[in-house]
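Subject: Handover of a structure

Hello,

I am passing this structure on to you, with notes on what was found in it. Please look through the sequence and the coordinates first, then read on.

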Protein chains: 2
Amino acid sequence: MDIAELRDRILKQDRRALARAITLVESGRADHRAQAADLLEALRGAGRQALRIGLSGTPGVGKSTFIESFGIFLTAQGKRVAVLAVDPSSARSGGSILGDKTRMERLSRDKNAFIRPSPSQTHLGGVARRTREAVALCEAAGFDVVLIETVGVGQSETVVAEMSDLFLLLLAPAGGDELQGVKRGIMEMADLILVNKADGDLKSTAMRTCADYLGALRLLRKRPQDPEGFPKAMTVSALEEQGLTDAWAQMCELTDWRRANGHWEGRRESQAQFWFHEEVKQGVLAQLQTGDAKAQIAELAAQVAAQEITPSAAADKVLNALDIRTK
Amino acid sequence: MDIAELRDRILKQDRRALARAITLVESGRADHRAQAADLLEALRGAGRQALRIGLSGTPGVGKSTFIESFGIFLTAQGKRVAVLAVDPSSARSGGSILGDKTRMERLSRDKNAFIRPSPSQTHLGGVARRTREAVALCEAAGFDVVLIETVGVGQSETVVAEMSDLFLLLLAPAGGDELQGVKRGIMEMADLILVNKADGDLKSTAMRTCADYLGALRLLRKRPQDPEGFPKAMTVSALEEQGLTDAWAQMCELTDWRRANGHWEGRRESQAQFWFHEEVKQGVLAQLQTGDAKAQIAELAAQVAAQEITPSAAADKVLNALDIRTK
């Protein structure tokens, strides 16, 4: 299939074409990368935008159950929903090809849903680029909501937040001293904290936990991109499908306000620039490791380790010898 | 004073010469940087090594009181002690020039102690380089112990840990849910956790807090650079000067073991290489912002924001046009 045909079929919401295109952007082969770039460029003009929702939560908080319940809630309202995952740890386990679909059995059979397992990648930089490109493909294929899930390992939350319009933090009911699990930096990224498992024996604990997080959110500095009362914390039960209507209403209220106040477009613009600069930075550092500076760097690193030269003097030698210019 | 004279006087433990040399390494002027590099190179061969102790703790844990008590404890044992500070936030407040000395009044009058206030710097990269150079100067000036203090803002703990032989985490007694204040990453860096204020009404709380952290430390993976039983948590009272003998004994036990098992030298080597690569990286990115790629990058960033090109395609344009070579 050539790129023009792939483009047309994606625009016609052909799921197999979408899956094929995502495989293309996930490939590390140079010819595939070139084709992927052509495809993305061909689709850029389509002008379709989905609501990109980032979702973070450590294992055990019921993330899969939440995505399944929330996804089915959305498709029941006539929305088309795509689910992508950012899991840098999957490089070790060889990807969660089977995992993602079996753990969301109902949603994976829903014809208005599209679930894409996380690719097995070795570094977060590559995962970030490929996920952003997969998001763009899902938008072109006419999905209304793209859920981007992260397991919350290392910097993956930052990566997901930097490609999302909304960032949800899913938490489990917990006793006081378990609040430590949530890093302050993650709290500051959240637009909505959802305390899951507000059902059965855990219901009252979930409500207390929610109140605790609400208190913690009040202590954070107000962000310009938030209307009064946001970020919020609320309880949900993914298992009993409770609280989803309210959670969705909050997401809509927040995004409507942001659209009306210029924050939606502003955020997309600054995110696009962030990724541009990030890719330039990574690319330059990669060129440094393959270019003719490589041998000099390795030699100086050995001298630094042997204390024959200070780190700063060695770095100055490399930098003074470097010549960075445009061809 | 020329560099050769400054070198000789530093080797003779002249404090005024040391202070002057630190001012030189803190300067941003190109001619000062060149002189600083010459001085450091001239001193490199002196072969003097201090025990570099990194110390982190949020405001309010009694860090100044601890440094004063611990410093006096060490000088009473005939050790010469230098205190440096890494405080990226001091850029805002204009440095803690008065602060550092007044809050350690007794230690600052001790002739075997040298206290250097944190420079006011705008970015952590510069602070890191200057602090490492100040540490090297203190070592050349024959100090036995160099204490490097950080306020624990942002990445400053990582910076300090990467230039220390030992990393101490000073904490205050706290109730269960206040344990959240300590990020897991910081815990993993600590060689010794000291719960301060184990005196008066807080003594029993301090002991409970210590037990909690000891429990938390047990859950971390054992590190190759630790003998059995490390990292440890213990209580101290900086105010009543209690527990310092034991804390110092633990530090000596740990460093003796590391020296005997090759971890001391190994760590210094890998730290030197870390800083070398870090400075090359920062320098290359800085050259990118000043070189002739700058205009192209700015133009493409504007196109990215206007959605006229994808971030990846724009980055590829920059990278394909770049030519990085050694002169």
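In which loop of chain A does P231(A) lie? P231(A) sits in the loop between α11 (203-218) and β7 (232-235) of chain A; helices (H or I, at least four residues) and strands (E, at least two) are DSSP runs, numbered from the N terminus.

This is a predicted model, in which local features need pLDDT of at least 70 and side-chain atom pairs count only at pLDDT 80 or more, while totals for chains, interfaces and linings use all residues. Residues are numbered from 1 along each chain as its sequence is written, chains are lettered from A and ligands numbered from 1 in the order in which they are written, and side-chain values use heavy atoms, with hydrogens and water left out.

Backbone

The peptide bond from F230(A) to P231(A) is cis, with omega near -5 degrees. In chain B, the bond from F230(B) to P231(B) is cis as well, with omega near -5 degrees, and P231(B) is in the loop between α11 (203-218) and β7 (232-235) of chain B. Q13(B) is not a glycine, yet has a positive phi of about 65 degrees; Q13(B) lies in the loop between α1 (3-11) and α2 (15-26) of chain B. Most residues other than glycine have a negative phi, and most peptide bonds are trans.

Confidence

The pLDDT (the predictor's confidence in each residue, from 0 to 100) averages 86 in chain A, where 89% of the residues score at least 70. Over residues 90-98 of chain A the pLDDT is below 50. Where pLDDT is low, the predicted coordinates should not be read in detail. For the complex, the predictor gives an ipTM of 0.81 and a pTM of 0.71.

Axes are lines fitted to C-alpha atoms, for helices over the stretch in contact, and angles run from 0 to 180 degrees between N-to-C directions. Angles under 35 degrees count as roughly parallel, over 145 as roughly antiparallel, 65 to 115 as roughly perpendicular and the rest as oblique.

The axes of α1(A) (residues 3-11) and α3(A) (residues 30-44) come within 10 Å and cross at roughly 45 degrees, so the two helices are oblique to each other. Contact (heavy atoms within 4.5 Å) involves I3(A) and L6(A), among others, in α1(A), and residues including L39(A) and L43(A) in α3(A).

Helix α4(A) (residues 63-76) packs against α12(A) at about 75 degrees, with the axes 11 Å apart, which makes the pair roughly perpendicular. Among the residues that meet there are F66(A), F70(A) and F73(A) of α4(A) and W248(A) and M251(A) of α12(A).

Between the chains

A rotation of 180 degrees with 0.0 Å of shift along its axis superposes chain B on chain A (RMSD 0.0 Å), by least squares on the C-alpha atoms of residues with pLDDT of at least 70 in both. That is the relation of a two-fold axis. The copies meet through the same surface, because 100% of the interface residues of chain B are also interface residues in chain A.

Regards
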